[in-house]
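Hello,

Here is the structure for your files. My notes on it follow below.

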Amino acid sequence: MKEIRVVELFAGVGGFRLGLEGWQGRSASSHYTLPFESPYKIVWSNQWEPSSKKSGDLQEANLVYHRNWPNTEGFYHYPYDLNTVASPEFSDNQVDDLIPNHDMLVGGFPCQDYSVAGVNTKGIEGKKGVLWWNIHKILKVKRPKLVFLENVDRLLKSPTTKRGRDFAIMLNTLNELGYVVEWRVINAADFGMPQRRRRVYILAYHKTSNIKVNKPLEWIESEGVFATAFPCFFTDKVIDFELEKNIETLSNSFNEGKFLNAGIMKNGRVVMSDFKANCPKTSFVNYSLKNQLLGDVLLNGEMKSEPSYFLDAKKLLKETIFKITQPGFEIDQRLKRQGDVIELQTELDKWIYLKGRKSEERVSSKGKFYYKEGPLSLTDDLKKPSRTIITSEGGPGASRFKHLIDFDGELRRLHPVELERLNMFPDNHTLLGIANEKDVAISPARRAFFMGNALVVGVVERVGVELNKRII
Ligand SMILES: C[S@@+](CC[C@H](N)C(=O)[O-])C[C@H]1O[C@@H](n2cnc3c(N)ncnc32)[C@H](O)[C@@H]1O
């Protein structure tokens, strides 16, 4: 099998790497029980958390990454800001020297404002600090044959004031560099994976690669990498249009609207449609052999020694919390109410209130208003894939968005291992990091933060396998 050299940007704790390489020779889809042969080899990776006060080499994600994948002769993990190696301000030679040659660039990058201010001698001038321009710089200098990116699906309709402009700029710049680009919004749970996590996945094939797209519509409907990895049918009409070639004009006046959830761009021509997953439940086993529902990922006996995850329903709060509700508004019956005042006395009251329907009195500079939220179920359904994990999932405090489960009659939060399983990571992948050759324990809240940032590894694995069939 010919080796495919990969650079992993925005690596977090290595979701792309696990999907492409597997873990200790085993596949994510089998929860690391079955052998997995992979041509992909990460040769360089980068991760740095801007919100952390710690130096990059001491940041927890980097400690975890280093522990799982120590630097070797053929691999180096760079734990500092991407801007220090691939700034759009650097010369092409500098970037060429700092980043090794590779066949494929991968990463889950932030959704930011991609507008351009102009074109100068160094190239396109994007807004400072916008990481798309760092990726663009690497592609311009290194021209890897393949690119595989992940983002929130909002990217297809950003910004709100000029729907679709940011993605149009991305497509325009990739076209300029000689890439054909296909994208698809994939909800991992539609394909038998244990989390409802919708993300847009983007693949770009350079014209020098041996992946040739002759019929774009057929490619996205039935022949392409996404179409075979995630069978689908189109629900809506097909839209096609020519992208504006001048990047400044495109940035200032893109008016085609949002991009649909499946599409392709070849030579500046966009063909796209909306699709719905059409995956028979019987084939789910191909995507995730073991863990498909929230109930499948739960630790059982082990939780006896983890009391901090259980909710002491009767435990009184240090102080009663008073909330004022809109007069006549119906709230959860389990809460104590005196007229328009709701009294939250216990930890459980707080969870019920936060997850419940409300119309809460608040005051802004413009005066009094009612903040409204609809009802969510107090506990998560164990017979369904989980809701999306977000970065604030960890810690004991009550929250509207954290998962809460009914565990044999007791309420509890999810353990970091369960969160790892929901993203199809190996168990305890983030338990420890390494610093100065010593193991360092990672806090449960940090581990949950990583999982809120990460992706569902099975999606990447599936794409990697289909992609490799075409490269051969
Ligand atoms: C969406 S997360 C990707 C997570 C990853 N795919 C995983 O499986 O863990 C984006 C990552 O980019 C990192 N990041 C943000 N700004 C960065 C920068 N300037 N340089 C390097 N990494 C950055 C964040 O810390 C975060 O871990």
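**Cavity**

There is 1 cavity of 30 Å³ or more by the rule used here. That rule works on a 1 Å grid over the protein atoms alone: a cavity is a set of points where a 1.4 Å probe fits but cannot get out, a pocket is an open set with protein on both sides within 12 Å along at least five of seven lines, and lining residues have an atom within 4 Å of a point. Grid points are joined across faces, edges and corners, and a volume is the space filled by probe spheres set on the points.

This is a predicted model, in which local features need pLDDT of at least 70 and side-chain atom pairs count only at pLDDT 80 or more, while totals for chains, interfaces and linings use all residues. Residues are numbered from 1 along each chain as its sequence is written, and side-chain values use heavy atoms, with hydrogens and water left out.

The largest cavity holds about 40 Å³ of space. Its lining consists of A28, S29, H31, P194, S288, N291, R421 and M424. By class these are 3 nonpolar, 4 polar and 1 charged residues, where Ala, Val, Leu, Ile, Met, Phe, Trp, Tyr, Cys and Pro count as nonpolar, Asp, Glu, Lys and Arg as charged, and the others, Gly among them, as polar.

The volume of the largest pocket is about 820 Å³. It is lined by 41 residues, of which F10, G108, F109, P110 and N453 are the closest to its centre. Two or more lining residues come from each of β1 (4–9), α1 (15–21), α2 (60–68), β4 (104–108), β7 (146–152) and α11 (444–453); helices (H or I, at least four residues) and strands (E, at least two) are DSSP runs, numbered from the N terminus. The most, 5 residues, is given by α11. The lining has 19 nonpolar, 13 polar and 9 charged residues.

The second largest pocket has a volume of about 360 Å³. Among its 19 lining residues, P88, E89, I124, E125 and G126 are the closest to the centre. Elements giving two or more residues are β6 (123–126) and α4 (132–142), and α4 has the largest share, with 5 residues. The classes here are 4 nonpolar, 8 polar and 7 charged.

**Burial of α2**

Helix α2 is largely enclosed by the rest of the structure, because 8 of its 9 residues are buried (under 20% relative accessible area; exposed is over 50%, partly exposed in between; 1.4 Å probe, protein chains only). The buried residues are E60, A61, N62, L63, V64, Y65, H66 and N68.

**Two buried lysines**

K402 sits in the loop between β19 (367–373) and β20 (405–407). K402 is buried without a salt bridge, and E393, the nearest side chain of opposite charge, is 7.4 Å away. A salt bridge is a side-chain nitrogen of Lys or Arg within 4 Å of a carboxyl oxygen of Asp or Glu; Lys and Arg count as positive and Asp and Glu as negative, with His and the chain ends not counted.

K355, in helix α9 (residues 347–355), is also buried with no salt bridge, and its nearest side chain of opposite charge is D380, 4.2 Å away. Leaving out residues up to four places away in sequence, the contacts (heavy atoms within 4.5 Å) of K355 include D380, R387 and K402. Those of K402, counted with the sequence neighbours left out in that way, include W351, D380 and E393.

Regards
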